[in-house]
Amino acid sequence: MIYELLQHKGVFENLKGKEVFDIGAGDGREGKIFIENGFNVTSIDKKDGIDAITYEYPKEKFDIIIAKNSLPFMGNHQFDVIEKIYSSLKKEGYFLGTIFGHKEPWAKEGIITPIDFDTAKEKLNKLGFEIIWFTIEEGIGKTMKGELKNWHIFTFLCKK
């Protein structure tokens, strides 16, 4: 899904063979699609003992960085990590990520740290990102465990 979204948004022009970084890669499903299409992929995941909060991000290495459904679980550090992501992107690089909104039920349970839409956009702009695309999703969907729940998710595509 991520590959198709980025392709639809025109991100891949002149990027074949470039560097992709997948933060919170899980089983590597998204990275495999990039590899199959000629990209070099680096991925990290907490399940492999790599913490995105303390990870040493290389400077200006990546053309595309993906952090889908991983940032909200970093507590108050999600924008610290986004700042590291910004410095790790090459000039004209792209960042696709998700943040859970303030209506997210897991926020009430203390599982994630939510943020409101305007604050998220303001923080991304303040870091220097140009927001290319931003969407709000609200509704019922499945968790990674297959359980149904209500979601409130901001998905964004930014350019450095």
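Which side chain makes a polar contact with the side chain of Glu-137? Keep that in mind while setting up. This is a predicted model, in which local features need pLDDT of at least 70, side-chain atom pairs count only at pLDDT 80 or more, and totals for chains, interfaces and linings use all residues. Residues are numbered from 1 along each chain as its sequence is written, and side-chain values use heavy atoms, with hydrogens and water left out.

**Stop 1: Glu-137**

Select Glu-137, in strand β5. Helices (H or I, at least four residues) and strands (E, at least two) are DSSP runs, numbered from the N terminus. The partner is Thr-155: the two side chains make a polar contact at 3.1 Å. A polar contact is a pair of N or O atoms within 3.5 Å; within protein, one must be able to donate a hydrogen and the other to accept it, and residues adjacent in sequence count only if both atoms are side-chain atoms.

Now show the surroundings. Leaving aside neighbours within four places in sequence, Glu-137 is in contact (heavy atoms within 4.5 Å) with Trp-151, His-152, Ile-153 and Thr-155. Glu-137 is partly exposed, at 38% relative accessible area. The scale: buried means under 20%, exposed over 50%, partly exposed in between (1.4 Å probe, protein chains only).

**Stop 2: His-152**

Move to His-152, in strand β6. Is His-152 buried or exposed? His-152 counts as buried, because its relative accessibility is 3%. A polar atom of the His-152 side chain lies 3.0 Å from the backbone nitrogen of Lys-103. Beyond four places in sequence, the contacts of His-152 include Ile-99, Phe-100, Gly-101 and His-102. Ile-136, Glu-137 and Glu-138 are also among them.

**Stop 3: Thr-143**

Select Thr-143, in the loop between β5 (130-142) and β6 (148-159). Thr-143 is buried, with a relative accessible area of 12%.

**Stop 4: the cores**

Next, colour the nonpolar residues. A nonpolar core is a set of buried Ala, Val, Leu, Ile, Met, Phe, Trp, Tyr and Cys residues joined through side-chain atoms within 4.5 Å. The largest has 25 residues, and Ile-23, Ile-85, Phe-95 and Leu-124 have the most contacts inside it. Two or more residues of this core come from each of β1 (19-23), β3 (62-67), α3 (78-88), β4 (89-100), α5 and β6. The most come from α3, with 4 residues.

Centre on Leu-124. Apart from residues up to four places away in sequence, Leu-124 touches Phe-79, Ile-82, Phe-95, Phe-129, Ile-131, Phe-134, Phe-156 and Cys-158. A second, separate core has 13 residues, including Ile-2, Leu-6, Val-11 and Ile-66.

**Stop 5: α3 against α5**

Show both helices. Their axes come within 10 Å and cross at roughly 35°. Axes are lines fitted to C-alpha atoms, for helices over the stretch in contact, and angles run from 0 to 180 degrees between N-to-C directions. The crossing of α3 and α5 is right-handed, meaning that the near helix is turned clockwise from the far one by less than a right angle.

Phe-79, Ile-82, Glu-83 and Tyr-86 in α3 meet Ala-120, Lys-123, Leu-124 and Leu-127 in α5. By class, this contact has 6 nonpolar, no polar and 2 charged residues. Here Ala, Val, Leu, Ile, Met, Phe, Trp, Tyr, Cys and Pro count as nonpolar, Asp, Glu, Lys and Arg as charged, and the others, Gly among them, as polar.

Then check the ends of α5 (residues 117-127). At the start, a side-chain oxygen of Asp-116 reaches to within 3.3 Å of the backbone nitrogen of Asp-118. Just after α5, Gly-128 takes a positive phi of about 115°.

**Stop 6: Pro-58**

Select Pro-58, in the loop between β2 (40-44) and β3. Pro-58 counts as partly exposed at 25% relative accessibility. Ser-87 and Ser-88 touch Pro-58, with residues up to four places away not counted. Ile-85 is 27 residues from Pro-58 in sequence and 9.2 Å away, C-alpha to C-alpha.

**Stop 7: two positive phi values**

Finish with the backbone. Asn-69, in the loop between β3 and α3, has a positive phi near 65°. Asn-69 is partly exposed, at 33%. Glu-92 lies in strand β4 and has a positive phi of about 75° although it is not a glycine. At 42% relative accessibility, Glu-92 is partly exposed.
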